[in-house]
Every structure is written in C-alpha cells, then in structure tokens.
Amino acid sequence: MVWWFYVPNIIFGEDALNDLEQLSGKKAFIVTDKVINSLGLAEKVCAILTNRQWEAAIWDDVEPDPKVSTVKAAAAAIKVFGADWIIAVGGGSVMDTAKAAWVLYEKPDIELQALTPFDELGLRAKAKLVCIPTTAGTGSEATKAIVIRDDETGRKFATINPELTPDIAILDPEFVVGLPKELTAYTGMDALTHAIEGYTSVWKNDFSDGSSLQAVKMVFEWLPKSVENLSDLEGREKMLVAACLAGMSFGNSQAALAHSLGHSMGSVLRTHHGMSVGMALPYAVEFNCIDNEDVAKQYSELAGIIGISGKDDKDTSMKFAGAIRELMTKIGSPQSFKEAGVKKKDFTAGLEKMVEFAMMDTSLTMNPRNTDSEELRKIYQYMFDGKVIDF
Ligand SMILES: NC(=O)c1ccc[n+]([C@@H]2O[C@H](COP(=O)([O-])OP(=O)(O)OC[C@H]3O[C@@H](n4cnc5c(N)ncnc54)[C@H](O)[C@@H]3O)[C@@H](O)[C@H]2O)c1
Ligand SMILES: [Fe+2]
C-alpha cells in the first residue's frame, strides 16, 4: 500500500534562529501572542529580517485555544500587509492560528470547519510558512493539523490537510527557556501523549513508529530534568526535539482516545490542552490494553524503551500506565479532575457535553479500541477520582 510521510525542513539547536538569514523573500508577517511579544521573541525574529531589508509586521492577537474569528482577523491582517512569508512565533495556539490564517489568505472562500484531508488547496501561491515553537509540546510545527475553536459552540475541532505541513520548523531552545514550570510540564505531557497515541493509532506506520520510540525515550529522560531546571538549555533543546518527533509521529498517523477526551475537556472546562490530554493518557492506555492484545503489545514495546517489563503484554501495559502516572507526579501534572481543581458541580454540569464532544472528535476514529458514549462517560468518572480503569 502507498503511504505518505509529511515533515517540514527542521533546523534545530542553539542559535538555530540565525538560519532565518538564509531565507529569500521580501515581506514577513509574524503571528504571535501578547505574552510572547512582551518577552521580545517576535522582535528577535523581526530584527534578523529587517536587518536584511525585509519588511516585517508583528501581529500579536492570538488567544489560547484560538477561535475561528481570531483566525479570520489574522487572515485579514495578512491580506492588508501582503506577506510572502508567514512566521509563527509561539505555542500551538499561535502556530495553528498562523496555519489556518494562511489557508484563508490563500483561499478566502474556504470554510475551516469543512476542510478535509483530501482538499487540494494550492497553498504557497502567495506565501510559505515558518514555525518557531515557544513551547515544547504540540509539535504543530511538524504537523499538517490545526485545532481551532468554534465561536458559537465553543467546541474545538481538529482538521488535517497535507498542504498545511509548515515549510520550515526552527527549534531554538532560547525560545522556550522562559516557559514557566507548570506550562513546561503540561506541554511536555502533550508531547508524550502524541508519541504514545502516534505509536498505537490505527494509521501507525514504520516512520511514525521510529519517531515515537525516540520521543518516548527522550520525554521520560528530559521532561523531569527540564521541569526541575527551567533554564537548562540542553534540557529545553531535547524537549523541543522530542516534541517535534512526537508531532512527526502523530501528525502522520493520528492522535486517539486521550486527545478526544482532552479536546472535549478543553472545550467545556477551558483546561489547558497538554494538561487535559496528559491527564487522560494513563486512563486511555489502561482502557485500550484491557481489550486489545495488539495494542497491549505496542504499549509493551514502548515500555521496553524505558526499561519496564511485566509478566505479559497486558501486565506490562498497566505498568507502563503506572510509569506515566509516576512521571506526572514528578513534574506536578494533575492526574485527576480533582487534582486539577475542577469542582464536582462543574464536572457534573459539563459531563454530558464532554461526552457528546468526545464522541464527535475525529481523534476517536483512530483509537485502537472501539468505544461508545457510555464507556466515555465512565472513563471521565474514573478520571474525576483518579481510579485505575478496570473495564
Ligand atoms: N496542530 C497541532 O498539531 C496541535 C497539536 C497539539 C495541540 N494543538 C493545539 O495547541 C494549543 C495549545 O498550545 P500550547 O500548549 O503550546 O499552548 P498555547 O500556545 O495555548 O500557550 C499557552 C500559554 O503559554 C504562553 N507561552 C507560550 N510560550 C511561552 C514562553 N516561551 N514563555 C512564556 N509563556 C509562553 C502563551 O502566551 C499562553 O498564554 C491548543 O489549542 C491545542 O489544541 C495543536
Ligand atoms: Fe495534543
């Protein structure tokens, strides 16, 4: 069978940003958010280009979990400016806004909610895209995916199209070094979830497998070190690489159950993406391995990479879920709704909406174990108290 593996050109390491000097073009539109702009990171990018007589503009109106209306505002600003390069400097919210705004800049009539993997967009007639991540988590700099929030319903929808793979990803640890402890932990859990779901999704392939194995190994080694020593550039660089590898994996295979649960938590309770999918991850591993020998074998292979074994694949998978919980304890990432500070009344009020949204989430299609709304409700209830899945 013919299959495809999409990745950008990747430049990584200390001072990777300087590679921007090689870019040829005239007008760069830099998409970012207010926090990152205030840290001077967008300005650093701008300075390299304007020193070489480019025209550059900074647009910093992205909010966390961007809405369709934000994307439209970005696209309108790019149109007025007339960019030949769009440069995203930020976390997943900024990168996804830039990717989606790029689509609307090139094809104003496209409706983002209706975008499919099979649409021939003809992107790059007007501009190309550089992504410079400032979180080591989403891997959006390496994926053909975008996650945007519907203004009316608040539901986050994910969509993919191969043409959305950025042209260039620049992984420079200086851009991540200011990320606070909590966000370092949460975004790192997002990367781990991508690596594990990419390895077990029904669209897995040999290229995504290789990327996932290395990403899992690196996250277990470097995420605790990174959280402990926020200013260590080596740890930051390793986590940037791990997150990008994990993005290459799931971007070419797909995310699964933990993402459908996490996207829906984020839509209803407005919890951070990485915190949400990370919280769901051990429960998803337990749920999947109970009923599916093939996926239990795959989790065992991942467990082997970090030196864990058990009496059979299912036992090893359950121990692997335990190792994920231990990692979360080390880095301070919540393992239950309770630990995340979600009140029982808010959880109960949002539960049915979360189940409904999780059932609609495209990631669920790629999960190795089929499920239904009754089981999803039960998983959420176990997640409230932090109970190990036993069904
Ligand atoms: N397209 C994909 O492939 C993909 C994959 C996973 C997640 N996502 C999406 O990405 C979004 C989450 O992205 P995220 O986790 O990177 O967070 P984010 O981009 O939403 O940023 C979270 C917060 O961190 C701040 N921040 C970012 N970098 C910083 C830095 N270096 N220093 C200080 N503060 C910094 C931001 O200003 C923001 O307030 C969600 O919408 C999620 O659904 C997309
Ligand atoms: Fe994610």
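Leaving aside its neighbours within four places in sequence, which residues is arginine 270 in contact with? Here are some notes on this predicted model.

1. **Arginine 270.** The answer is Pro64, Asp65, Arg149 and Met265, where contact means heavy atoms within 4.5 Å. Arginine 270 sits in the loop joining α8 (257-269) to α9 (273-291); helices here are DSSP runs (H or I, at least four residues), numbered from the N terminus. Its C-alpha lies 9.6 Å from that of proline 64, although 206 residues separate the two in sequence. Arginine 270 counts as partly exposed because its relative accessibility is 39%; buried means under 20% relative accessible area, exposed over 50%, and partly exposed in between (1.4 Å probe, protein chains only).

2. **Domains.** Domain 1 covers 9-175 and domain 2 covers 181-385, with bounds taken from an automatic or database domain assignment. Their centres, taken over C-alpha atoms, are 25 Å apart. To the contact between them, domain 1 gives 28 residues and domain 2 gives 30 residues.

3. **Nonpolar cores.** The largest nonpolar core has 72 residues, and those touching the most other members include Leu192, Ile196, Ile324 and Phe337. A core of this kind is a set of buried Ala, Val, Leu, Ile, Met, Phe, Trp, Tyr and Cys residues joined through side-chain atoms within 4.5 Å. A second, separate core holds 35 residues, among them Val62, Ala75, Ile86 and Leu115.

4. **Isoleucine 196 and threonine 200.** Beyond four places in sequence, isoleucine 196 touches Val216, Leu281, Val285, Tyr299, Leu302, Phe320 and Ile324. Threonine 200 belongs to helix α5 (residues 181-200), and its side chain reaches the backbone oxygen of isoleucine 196 at 2.9 Å. With the same exclusion of residues up to four places away, threonine 200 touches Val295, Gln298, Tyr299 and Pro368. Threonine 200 counts as buried because its relative accessibility is 4%.

5. **Helix α6.** At 1.5 Å a residue, the 23 residues of α6 (residues 206-228) should span 33 Å, which agrees with the 34 Å between its end C-alpha atoms; the expected span is 1.5 Å times one less than the number of residues. Asparagine 205 caps the N-terminal end, with a side-chain oxygen 3.1 Å from the backbone nitrogen of phenylalanine 207. A bend of about 35° occurs at tryptophan 222, and proline 224 follows within four residues; the bend is the angle between axes fitted to the seven residues ending there and the seven starting there.

6. **Conventions.** Residues are numbered from 1 along each chain as its sequence is written, and chains are lettered from A and ligands numbered from 1 in the order in which they are written. Local features need pLDDT of at least 70, side-chain atom pairs count only at pLDDT 80 or more, and totals for chains, interfaces and linings use all residues, while side-chain values use heavy atoms, with hydrogens and water left out.

Technical notes. Helices (H or I, at least four residues) and strands (E, at least two) are DSSP runs, numbered from the N terminus. A polar contact is a pair of N or O atoms within 3.5 Å; within protein, one must be able to donate a hydrogen and the other to accept it, and residues adjacent in sequence count only if both atoms are side-chain atoms.
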